[in-house]
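Student: I would like to go through the labels used for this fold. Please show me the sequence and the model.

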Amino acid sequence: MPPADHYMPGYSPRIVRFMEARSAETHAQFFLPFLKPGLKLLDCGCGPGTITRGLAARVAPGEVVGIDLEETQIELGRKDPKHPANLTYVKAGVYELPFPDHHFDAVFSHALFEHLAEPVKALREIKRVVKPGGMAGLCSPDWDGFIFAPPNPEVEAAAALFRRIQESNGGNTTAGRRLGVWLDEAGWRDVKMLARYECQEDLTLMSEFLYDRLARSPKQDDVFGRGWTDEASLKRMLHALRAWEKRPDGLFGLTWVSATARG
């Protein structure tokens, strides 16, 4: 049996802040040319809904449904004062979607598939609810391309430990490059892929993302018992992240790979 899905980052205020910085204009731009008013759209793994809200504006008055398994994220979306009238949030997972066959014109998903233990199964279920010829747009990171500047061995060790934990929990930190293969295996056609860098001069976003999760890793992931690191090494990593985020000459480059396909 494959490992169960596990959303590695968690939902602490720091992590939610990291997610809320995203919008349709910045993180769904590759899919926007496929959208037009009146389309019915599904957003899988919508999180706090900051991207979903922008997608809803693009297809209005078409219906948009954002799904997520985490109730706290669904509530953030519902309570958003900018919540558009054509947007609905539903607590649901991608392996068993609560929608009839061929219900949507298009489907979008951002930063979800790197956390799935069975991505092809999810894509087959998503294909079921999309009309024949409907579009899918997926985007996931590829950690092999990340840039931490200036180079810092302890910061890079922190990123490597994060990756090891995520992959032990059923995720895939090179999911981006695999999106096309997964779509093909699930029966989608006309697959096209793109890659881009998101460059962050505000290093606290990534620093807090890593720090928050790794600080919890001894209890949640038994990183000491598994021999992945020790207490002294982890302290050095966490200290290095705090020092790195203050560098005026720093940069974090995040590699995003996107894929579009037709059902």
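This is a predicted model: local features need pLDDT of at least 70, side-chain atom pairs count only at pLDDT 80 or more; totals for chains, interfaces and linings use all residues.

Student: Why is helix 5 called oblique to helix 7?

Tutor: Helix 5 (residues 119-129) and helix 7 (residues 175-185) pack at about 55°, with their axes 8 Å apart. Under 35 degrees counts as roughly parallel, over 145 as roughly antiparallel, 65 to 115 as roughly perpendicular, and the rest as oblique. That angle therefore makes helix 5 oblique to helix 7. The crossing of the two is right-handed, a term for the near helix being turned clockwise from the far one by less than a right angle.

Student: Which residues of helix 5 and helix 7 meet?

Tutor: P119, V120, L123 and R124 in helix 5 meet W182, L183 and E185 in helix 7. Contact means heavy atoms within 4.5 Å. By class, this contact has five nonpolar, no polar and two charged residues. Ala, Val, Leu, Ile, Met, Phe, Trp, Tyr, Cys and Pro count as nonpolar, Asp, Glu, Lys and Arg as charged, and the others, Gly among them, as polar.

Student: What makes the buried residues of helix 7 line one face?

Tutor: The buried residues of helix 7 are A175, G176, L179, G180, W182 and L183. Seen down the axis of helix 7, they fall within an arc of 170°, so they line one face. The arc is that of the directions from the helix axis to the C-beta atoms. Their cover includes helix 5, strand 5 (130-141), strand 7 and strand 8 (251-262).

Student: Why does A111 count as buried, and why does D190 count as partly exposed?

Tutor: Buried means under 20% relative accessible area, exposed over 50%, and partly exposed in between (1.4 Å probe, protein chains only). A111 has 15% relative accessibility, so A111 counts as buried. D190 has 47%, so D190 counts as partly exposed.

Student: What is phi in A111 and in D190?

Tutor: A111 has a positive phi of about 60° although it is not a glycine. A111 sits in the loop between strand 4 (104-110) and helix 5. Phi of D190 is near 55°, again positive in a residue other than glycine. D190 lies in strand 7 (residues 189-200).

How values were computed. Residues are numbered from 1 along each chain as its sequence is written. Side-chain values use heavy atoms; hydrogens and water are left out. Axes are lines fitted to C-alpha atoms, for helices over the stretch in contact, and angles run from 0 to 180 degrees between N-to-C directions. Helices (H or I, at least four residues) and strands (E, at least two) are DSSP runs, numbered from the N terminus.
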